[in-house]
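This briefing sets out selected features of the structure shown below, grouped by topic.

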Amino acid sequence: MSDKPRYTFHYAPMSYFDSLDPAEDYVPAEYGEEGFIHCTDGAANMAKTANRHLGRDPRDFWALYIDKERVRSPIKYEDPREIYPHIYGPLNRDAIVRMLPAMRAEDGTFLAMPEIT
């Protein structure tokens, strides 16, 4: 993974994420159907992805900053542009190194989150 950014992003609805046991690994509701956890490398890319797939979903979302070097489940890049890693298994909570409320513009679209340094 050294040629890829170390950190990736995943947006989780606050109501769902906050209701989970914080001592357990994170598995989003869609995992049962899709078999992986969607992530996107780069804060600007994540906003574009969220706008494309979440649209104007009115729920509040957490932006999860994930350190890929800490993730215990397999990570695979399946997009030719290689900015969309999928985590094939639960996301161990210690790989989430930062959580911020997802930022939105007045029209409800998602804005780029700050990059992690």
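**Pocket, sheet and a buried lysine**

Helix α3 supplies the largest share of the lining of the largest pocket, five residues. The model is predicted: local features need pLDDT of at least 70 and side-chain atom pairs count only at pLDDT 80 or more, while totals for chains, interfaces and linings use all residues. Residues are numbered from 1 along each chain as its sequence is written, and side-chain values use heavy atoms, with hydrogens and water left out. Helices (H or I, at least four residues) and strands (E, at least two) are DSSP runs, numbered from the N terminus.

**Largest pocket**

- The largest pocket has a volume of about 490 Å³, the space filled by probe spheres set on grid points joined across faces, edges and corners.
- Of its 23 lining residues, His10, Glu30, His38, His53 and Leu54 are the closest to the centre.
- A pocket is an open set of points on a 1 Å grid over the protein atoms alone, where a 1.4 Å probe fits, with protein on both sides within 12 Å along at least five of seven lines; lining residues have an atom within 4 Å of a point.
- The elements giving two or more residues to this lining are β1 (7–13) and α3 (43–53).

**Sheet**

- Three strands form an open antiparallel sheet in the order β2-β5-β4, where pairing requires at least two DSSP bridges.
- β2 (37–38) and β4 (75–77) are the edge strands, each with a single partner, so one side of each lacks a neighbour in the sheet.
- His38 stands opposite His86 in β5.

**Lys68**

- Lys68 lies in the loop between β3 (61–67) and β4.
- Lys68 counts as buried because its relative accessibility is 2%, buried being under 20% relative accessible area with a 1.4 Å probe and protein chains only.
- The side chains of Lys68 and Tyr77 make a polar contact at 2.4 Å, that is, a pair of N or O atoms within 3.5 Å, one able to donate a hydrogen and the other to accept it.

Definitions and conventions:
Buried < 20%, exposed > 50% of the residue type's maximum accessible area, 1.4 Å probe, protein only.
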